[in-house]
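The sequence and the structure are shown first, and the description comes after them.

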Amino acid sequence: MTPGRYAFPPDPDAGFRPAPHAPSGLFPSGPPSRPTYREPHPVTGTGVAAGAAVATAWLVLFGLLGSSVSGYAWWTLLAGGLAWLAALLLVRSGDRGVATGVAIVTAGGWSIAAAVVVVRWASSGDWPLW
C-alpha cells in the first residue's frame, strides 16, 4: 500500500475518519438561518365556519325575496355573485378562511337553486326562468 492511501475497506487501526457533512435539518440545533414567513390571517376552522354562517344567512335572506321558483333562482344567483365578489376581496386583502366558507356555501346554494329549477322544469315541462 502506498503512503497517503487507505485500503478498502479502511483499516480501523489506520485512523480513518469520515469527512464532516452538513446536518440534515431533521433535528434543528438552533434558530433558523432565515426568517420564517407567518401569515397575518391563517385559515382556521373558526374563520371557515364564520364565513359559512354569514353566507348561509345572506343566501337565505335573498332567497326569501323570491315569490316563485324563478324569483328564488334569480335572487339566489344575484346573492351568490355578490358573495363571491366579497370572497374575492377577502382572499386578496382579508381573511382567506372566511372567504373559503363563503365560497363553499355559495356553491352549495347555487346547486340547491339549480336543483329546484330542474325539478320544476321536469315536473311542468316548461322552463321556469323565462
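## A buried threonine and its surroundings

Thr106 touches Ala55, Leu59, Gly80, Ala83 and Trp84, when residues up to four places away in sequence are not counted. The model is a predicted one, and in it Thr106 lies in helix H3, which runs over residues 96-124. Thr106 has a relative accessible area of 0% and therefore counts as buried, the cut-off for that class being under 20%.

## Overall fold

The secondary structure of the chain amounts to three helices and zero strands, which gives the pattern α-α-α when read along the sequence. Of the 130 residues in the chain, 20% are buried, and the chain exposes about 10000 Å², of which carbon and sulfur atoms supply 68%. Among the contacts between residues at least 6 apart in sequence, 59% join residues at least 24 apart.

## Packing of H1 against H2

Helix H1, which covers residues 45-63, packs with H2 at an angle of about 150°, and the axes of the two helices are 8 Å apart. On the H1 side the contact is made by Trp58, Leu59, Phe62 and Gly63, while H2 contributes Tyr72, Trp75, Thr76, Leu78, Ala79, Gly80, Leu82 and Ala83. The crossing of H1 past H2 is right-handed. Leu59 of H1, together with Gly80 and Ala83 of H2, takes part in this contact, and these residues are also among those that Thr106 touches.

Val69 is found in helix H2. Leaving aside neighbours within four places in sequence, Val69 is in contact with Val116, Val117, Arg120 and Pro128. Val69 and Leu129 are 60 residues apart in sequence, yet their C-alpha atoms are 7.8 Å apart in space.

| Residue | Relative accessible area | Class |
|---|---|---|
| Thr106 | 0% | buried |
| Val69 | 14% | buried |

Definitions and conventions. Residues are numbered from 1 along each chain as its sequence is written. This is a predicted model: local features need pLDDT of at least 70, side-chain atom pairs count only at pLDDT 80 or more; totals for chains, interfaces and linings use all residues. Side-chain values use heavy atoms; hydrogens and water are left out. Helices (H or I, at least four residues) and strands (E, at least two) are DSSP runs, numbered from the N terminus. Buried means under 20% relative accessible area, exposed over 50%, partly exposed in between (1.4 Å probe, protein chains only). Contact means heavy atoms within 4.5 Å. Axes are lines fitted to C-alpha atoms, for helices over the stretch in contact, and angles run from 0 to 180 degrees between N-to-C directions. A crossing is left-handed if the near helix is turned anticlockwise from the far one by less than a right angle, and right-handed if clockwise. Accessible areas come from the Shrake-Rupley method with a 1.4 Å probe; for residues, only the protein chains shown count as cover.
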